[in-house]
Amino acid sequence: MGGQVVTITSGKGGVGKTTATANLGVALARRGQRVVCIDADIGLRNLDVVLGLENRIVYDLVDVIEGRAKLRQGLIKDKRLPELHLLPAAQKRDKTAVTDKQMIKLCDDLRKEFDFVLVDSPAGIEGGFKYSIAPAYQVLIVVTPEVSSVRDADRVIGLVEAQEKSSPRLIINRMRPSMVRRGEMLATSDVLEILSIELLGIVPEDEAIITSTNKGHPVALEDHSPAGAAFTRIAQRMMGEDVAFQALDESGGLLDRFSRLFRR
Amino acid sequence: MNFLERIFGRAASSSDSAESAKLRLQMALAHDRADISPQTLDTMRDEIVGVVSKYVDIDRENVQVTVSRIADVHHVVTNVPVLRTHPTRAKPSPRRATRPAQTKS
Ligand SMILES: Nc1ncnc2c1ncn2[C@@H]1O[C@H](COP(=O)(O)OP(=O)(O)OP(=O)(O)O)[C@@H](O)[C@H]1O
Ligand SMILES: [Mg+2]
């Protein structure tokens, strides 16, 4: 037995991987799951500030991998949520500092103590992406409803499916229902039709994401924001609960049809 | 107006930009996934239109040829909306057939 290693990736940069990792970590921990979030974006550390834990870093991922720190010493425990932990990225190194094998070993060790090991992958399809998906049991693809993001996601899905892993699942981020209604943004059904993978959840565009990131206080710590509620529903689905999809984009019943189609 | 012109013509108008995003993505992904160029896709589309319209009246403007990934296999998927079956070549049908004919290869 042991926990699940879940890698959050996207191909294209800036679509919300770090935001999703932080909020899913928070939402899972709030539901009593033991969670560790690993910032795998070596050289471009960010998960620490999004979680508001940047002042507590002593050791990092590379210190642990190279044996300068014990695993326990590298983990930062979140004081707001006793079940939530962060293993921060090294800031002064680059992606060549870690190999696929080392990440697999590290995640195997963490799996013994945690229910969820969430890996925040760097953008791209090079080394950093490869060592991030190497240990994954499940891969979550974050996409925004835009041409470039969907195209890059398709490439990443192809790369993940070429490996022997369970098929990746999709998070559509920054959805704007009013633009979809005006025919100015790809609807959920369009994105699912093009990518043909299972939908895990839809997160709306939400100003609360920006203000919460300003403060290092992830939206999922509370229930009142639309994005926070969306991340909580995704966390519940990750825990195996059957949570109905909300018709965010009003695509005339298609959304329901697709979510049923891709439900296993 | 051919398929490519329709797509890029649509891209210029912002009113249904989601539709042109979808069409442009489908073209780009046909290329990314199966190495089929937009020109080849366009030629394939014209030939399919030629063959199918010998037997049934079709809505030529809305014929779609895309490449989908189903499990690990790429499929060339053609959607041909049928207006009505051709009276002289096919058995007459009491109702107007409006559902798109779908062929997978
Ligand atoms: N649902 C949302 N609503 C509003 N803003 C959002 C939303 N999701 C993400 N953002 C904003 O988008 C920006 C990029 O997000 P984030 O850093 O999570 O992306 P990323 O995929 O991790 O980027 P990178 O590829 O650089 O690692 C941030 O400024 C974040 O606040
Ligand atoms: Mg990031």
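Mentor: Contact means heavy atoms within 4.5 Å. By that rule, among contacts in chain B between residues at least 6 apart in sequence, 42% join residues at least 24 apart. The model is predicted, so local features need pLDDT of at least 70 and side-chain atom pairs pLDDT 80 or more, while totals for chains, interfaces and linings use all residues. Residues are numbered from 1 along each chain as its sequence is written, chains are lettered from A and ligands numbered from 1 in the order written, and side-chain values use heavy atoms, without hydrogens or water.

Chain B has three helices and four strands (DSSP runs numbered from the N terminus: H or I of at least four residues, E of at least two). Along the sequence these elements follow the order α-α-α-β-β-β-β. Of the 105 residues of chain B, 34% count as buried (under 20% relative accessible area, with a 1.4 Å probe and protein chains only).

At the interface, 17 residues of chain B are in contact with 17 residues of chain A. The two chains bury about 1,400 Å² between them, with 48% of it on carbon and sulfur atoms (accessible area lost on being put together, 1.4 Å probe, summed over both). On the chain B side, Lys22(B), Leu25(B) and Arg69(B) lose the most area to chain A, together 42% of what that side buries.

Four salt bridges are found across this interface (a side-chain nitrogen of Lys or Arg within 4 Å of a carboxyl oxygen of Asp or Glu). Arg33(B) and Asp154(A) meet in a salt bridge through their side chains, at 2.5 Å from N to O. Helix 2 (residues 17–34) of chain B supplies the largest share of the side that touches chain A, namely 11 residues. That side of chain B divides into six nonpolar, four polar and seven charged residues (nonpolar: Ala, Val, Leu, Ile, Met, Phe, Trp, Tyr, Cys, Pro; charged: Asp, Glu, Lys, Arg; polar: the others, including Gly).

Lys12(A) is located in the loop between strand 1 (4–9) and helix 1 of chain A. Beyond its neighbours within four places in sequence, Lys12(A) is in contact with Lys17(A), Ala123(A), Ser148(A), Ser149(A) and Asp152(A).

Technical notes:
Buried < 20%, exposed > 50% of the residue type's maximum accessible area, 1.4 Å probe, protein only.
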